[in-house]
Amino acid sequence: MMPLPETFDDAARLDLHMHSTASDGALSPTELMQLCHARGLTHVALTDHDTVAGVAEAAIEADRLGLRLVCASELSAQWRGVTIHVVALLPDGPQGALIDGFESQARARDARGEEIARRLEAVGLDNALARAREQAGSDRPLGRPDFARALVAAGVVPDMASAFKKHLGAGKRGDVKAHWPWLSEIVGWIRDAGGVAVLAHPLRYGMTRRKRGLLLDDFVEAGGEAAELISGYQNPDTTRDLSRQLQERSMYGSLGSDFHAPGGPMAPGSMSDVPRTALLPVWRHPRLAGFAQ
């Protein structure tokens with residue numbers, strides 16, 4: 001296997017942000033690794049929400065296929081009233097405070113799921129929690145996509161898009177804000193595990209450039225070291241501006257598709273090209289040296 005490049009040039013062989021059925025993805029960890037291999041990827045991260053439950057299964061298939069897999073997770077945090085996501089790249093796996101952190105995140109997700117169910121029953125989804133659990137097909141914490149599929153299956157809405165537009169999207173009845181830990185606490189857990197904290201999709205929070213800068217400042221102050229320069233498909237001018245913001249703070253840049261399910265515009269490894277930049281790739285971080293080989 002060829003090691004990853006020193007720069008973002010020829011970085012089309014990796015994807016450091018993907019989801020499986022261990023959270024809200026449609027493919028099992030095994031199926032996801034098979035798809036990554038079929039698409040020519042060599043270095044990948046499975047970043048299910050607030051869990052590493054799928055990593056062991058993914059690792060078995062990745063090893064069989066000759067893929068380099070790093071243990072990872074996408075953790076939820078709060079910052080100034082906004083839910084922020086942080087990708088934890090964990091070359092040594094979960095350790096220390098992060099182990100208890102995953103348990104507390106699961107409890108927060110369970111409480112959130114119960115509240116979403118209560119609210120959706122008021123709009124006609126009877127026995128909402130059990131219906132969402134049936135859609136999930138396992139005992140993992142429920143997410144909004146599970147409730148969206150339940151709404152479709154019950155005939156309350158015609159499709160997933162309508163479920164989010166009417167009931168689960170931002171500001172709708174089913175948009176329940178969980179009591180996530182502060183951003184600084186999440187970053188602390190990741191550092192305690194010897195991992196690298198990566199701010200996920202910083203362009204998706206609807207922030208002004210100034211507010212995004214404040215978020216990056218607080219993230220770095222907490223010990224965060226990287227951010228996703230590319231998350232799926234982005235405007236190249238906006239990406240160049242983000243690159244400048246990251247360079248000003250001596251951060252690393254990461255890449256990921258945020259893949260969840262086949263059939264849409266995203267697939268493992270599918271994302272915008274990286275514009276010319278002096279930003280260092282996250283795989284050049286000393287703690288990820290083994291992964292980059």
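My entries below cover a helix pair, some salt bridges and one loop glycine.

**Ground rules.** I am working with a predicted model, where local features need pLDDT of at least 70, side-chain atom pairs count only at pLDDT 80 or more, and totals for chains, interfaces and linings use all residues. Residues are numbered from 1 along each chain as its sequence is written, and side-chain values use heavy atoms, with hydrogens and water left out.

**Helix pair.** I looked up how α4 (residues 128-136) and α5 (residues 144-153) pack: the angle is about 105° and the axes are 8 Å apart. Helices here are DSSP runs (H or I, at least four residues), strands likewise (E, at least two), numbered from the N terminus. Axes are lines fitted to C-alpha atoms, for helices over the stretch in contact, and angles run from 0 to 180 degrees between N-to-C directions. The angle makes α4 roughly perpendicular to α5 (65 to 115 degrees).

Next I listed the contact (heavy atoms within 4.5 Å). On the α4 side I found A128, L129, R131, A132, Q135 and A136, meeting D146, F147, R149, A150 and A153 in α5. These residues divide into seven nonpolar, one polar and three charged. For the classes, Ala, Val, Leu, Ile, Met, Phe, Trp, Tyr, Cys and Pro count as nonpolar, Asp, Glu, Lys and Arg as charged, and the others, Gly among them, as polar.

**Salt bridges.** How many salt bridges does a search of the whole structure find? I got 19, taking a side-chain nitrogen of Lys or Arg within 4 Å of a carboxyl oxygen of Asp or Glu.

I picked D50 and R109, whose side chains meet at 2.7 Å, N to O. D50 sits in the loop between β2 (43-46) and α2 (55-65), and R109 in helix α3 (residues 97-121), 59 residues apart. Buried or exposed? D50 is buried at 5% relative accessibility, and R109 is buried at 10%. My cut-offs are under 20% relative accessible area for buried, over 50% for exposed and partly exposed in between (1.4 Å probe, protein chains only).

I then checked R144 with D175, closest N and O atoms 3.8 Å apart. R144 lies in helix α5 and D175 in the loop between α6 and α7 (183-192), so the pair ties together parts 31 residues apart in sequence. R144 is partly exposed at 25%, whereas D175 is buried at 11%.

I also noted a network of salt bridges linking R209, R212, D241 and R244.

**Loop glycine.** G155 lies in the loop between α5 and α6 (160-168) and is exposed at 58%.

Terms used: Parallel < 35°, antiparallel > 145°, perpendicular 65-115°, else oblique.
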